[in-house]
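Please read it alongside the sequence and the coordinates.

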Amino acid sequence: MRTVYALFVGIDDYPDKPLHGCVNDVTKAQSWLRQQGGPQQLEIRSLLNKEATKAAVIDGIRAHLGRGGPGDTALLWFSGHGSERPTDDPRAATGMSQALVCADSLDAGGQPLLQDTELGSLLDEIAARGAHVVAVLDCCHSGGASREIPPGARSRGVAWQSWWRTGSARALREAGAQGAEPSRHVLLAACREQESAYEALVDGETRGYFSHSLTHALQRLGPAATYGKVYSLTEERVRSRNHAQHPELRGPDHLRFLYGDVLTASPFLLRHTVSGWEINCGYAHGLRARGAEFTLVDEVGEVGARMPGGPRTVVVRAVRPESALVEPVGWMPGRDDLTTVHGVTPSALAFPPAAVTVVGEPGAVGMVTAAVDGAPMLSTSGHGLPLRVEVRGGSAQVTGGDGHRVDPLPLGSPADAARVADCLTHIARWHQLKDLANPDPWLSSLVRVTVEPLVGDLWHTATGEIVCSYTRDGREPQVMVRIHNDSPRMLWCVLLDLADDYESSPVLFEGDFVASGFAGMARQGEPVWLRLPPGRSVVRGSFARDWLKVIVAESELNLAPFRLPSWSPDAPGAGRGGAAPGSGGGLLRLALPPGARTAGGPAHDVGRWGTASVLVRTVLP
């Protein structure tokens, strides 16, 4: 039986800067948790006001939350003040470090705060032992006495938000690390690290905007909600009250909130905002066409399967860097639709299809052509990415991608032909990520990726390729990778590793803000290991390639579409929406167009986002 170990910390009675809603926040959160049914045990501890010293909070994490093991959940919910201060730690991409302000650790007294690295280490130690660890932090820095506060609100300062990673625990591709990344906690933070979080009178009592919105979202969405849906609804409610406060989620969005179960999840979500209906897919994800359609999916990931009246669609009316504004087509949203979050999948009109040429034996050619014509991201005509299929002798050879040559696929039935279409779709999507670029090059010219040698030789070729070599005694090369922000403003950055086995992963730098003149460090400054992937010939001259691509914007981007597993003929079919639950198949979850609707005109405003990339070749001398 699963046990949920919960530690609720609420502090109002700060000597110099009292708050009034923090105890209310954790009391309501504790009440929500006790209402949850199911086969689980609850072990709850609360630290309120003067009880919540730094020593008591650390002891609560270690001795109480630390009891959680495999299959259990450890929940920390902190509501109070946060603090930030300048740091010369090169891993802090904003030049600031953050901390929780406990009852006895105010800055003014010079006493130690619960620093971000300290808290992160405590939580990740528990996660590494197998528990699912969640941190909910409604706080920010307390040094803003002269900071302007919205009418009716009291500032909780600039949000405490860690800059360590809390992303997926799945193993990095060999180009990413020496081994699997350790499990880490999921973070739900009240706002960005450079912002303030607020409290005010809400529904008759003083509450933090974030805690109030989060508990409302949990009650509205129910026990089967994913982190992505909970965050999406919470973020909208907070911003409708205070547009300057941006909650953040750090961690896999397809897991069930609190429990960590892998759920089927669409990479895109639809919600209603003060600006209208919005989908978290924009220019920076490759969306270009106004008039493209998205179809709502049900809770088990089937396109429109269980929705009253059949499939429901929305059409794109405006595209922004991080999202798109849409309108319902042929259906009227109900009251419940306004206060929930729907998964959606894009139609083929959303992204340009690859141009596929099929040659070889006539009967087999017809079978493959029929499969290609039924795949949303493929076309046997047009001017997209040129891909080629040669069919002969009962097999199909796919060529044309920039990655490593894929093995021939068997071809003897329509099911085999569909698998060939899956392979083509996978390669097409990988190339869409690799080739992402903003027609407005302003930001792209002000960011760069650098690779510095730590182990093994490194040199640059005349074409700009970076070559990293194994040592003569067979040790894998290690490098330090940095993302530099040379623009005059703070930017949100994600670093994709686009491997030549047609994988895309953001795990090296899973989305964070980098201040002007600063650099973000891949893997928090830990070495990035480069090695030949399994199955690659290990002989002199063998090599593997990785395109390291940074995508930058002024606001956070949805990371789900950037995740793409390496191509494998044994993986579940993804080209027609059949990806395995939680596989992170990105835009491979496409729906065929529901009608003859055509895309609109070209985009006129691409928005503030940009890209930069380097090609790294790992060689065996």
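pLDDT is the predictor's confidence in each residue, on a scale from 0 to 100. The protein has a mean pLDDT of 84, and 84% of its residues reach 70 or more. The structure is a predicted model in which local features need pLDDT of at least 70 and side-chain atom pairs count only at pLDDT 80 or more, while totals for chains, interfaces and linings use all residues. Residues are numbered from 1 along each chain as its sequence is written, and side-chain values use heavy atoms, with hydrogens and water left out.

**Confidence**

- Where pLDDT is low, the predicted coordinates should not be read in detail.

**Overall composition**

- The protein contains eight helices and 33 strands; these are DSSP runs numbered from the N terminus, with helices (H or I) of at least four residues and strands (E) of at least two.
- Of the 621 residues, 59% are buried, where buried means under 20% relative accessible area, exposed over 50%, and partly exposed in between (1.4 Å probe, protein chains only).
- Among contacts with a separation of 6 or more, 74% join residues 24 or more positions apart.

**Nonpolar cores**

- A nonpolar core is a set of buried Ala, Val, Leu, Ile, Met, Phe, Trp, Tyr and Cys residues joined through side-chain atoms within 4.5 Å.
- The largest such core has 65 residues, and Leu287 and Val389 have the most contacts inside it.
- Helix H8 (residues 414-434) provides the largest share of this core, nine residues.
- Leaving aside neighbours within four places in sequence, Val389 touches residues including Val356, Val358, Val368, Val398, Val420 and Leu424.
- A second, separate core of 38 residues includes Val26, Trp77, Tyr198 and Val202.

**Barrel**

- Six strands close into a barrel in the order S13-S14-S17-S16-S15-S18, with antiparallel pairing; two strands pair if DSSP finds at least two bridges between them.
- Neighbouring strands of this sheet are turned by 45 degrees against each other on average, direction ignored.
- Strand S13 (residues 268-273) is joined to strand S14 (residues 276-279) by four bridges, and Thr273 stands opposite Gly276 in S14.
- Helix H5 (residues 227-241) lies across S13 and strand S18 (342-346), at about 25 degrees to S13; axes are lines fitted to C-alpha atoms, for helices over the stretch in contact, and angles run from 0 to 180 degrees between N-to-C directions.

**Open sheet**

- Six strands form an open sheet of mixed pairing in the order S25-S26-S33-S32-S28-S29.
- Strand S25 (458-460) and strand S29 (503-514) are the edge strands, each pairing on one side only.
- Strand S32 (residues 543-553) is largely enclosed by the rest of the structure, because 10 of its 11 residues are buried.
- S32 runs antiparallel to strand S28 (residues 491-499), with eight bridges; Val494 is partnered by Ile551 and Cys493 by Val552.
- S32 also pairs with strand S33 (residues 609-619) in the antiparallel sense over 11 bridges, and there Val552 is partnered by Gly610.

**Helix H2**

- In helix H2 (residues 54-64), the buried residues include Val57, Ile58 and Ile61.
- Strand S1 (2-10), strand S2 (40-48) and helix H3 (116-128) are among the elements that cover the buried residues of H2.

Methods
Contact = heavy atoms within 4.5 Å.
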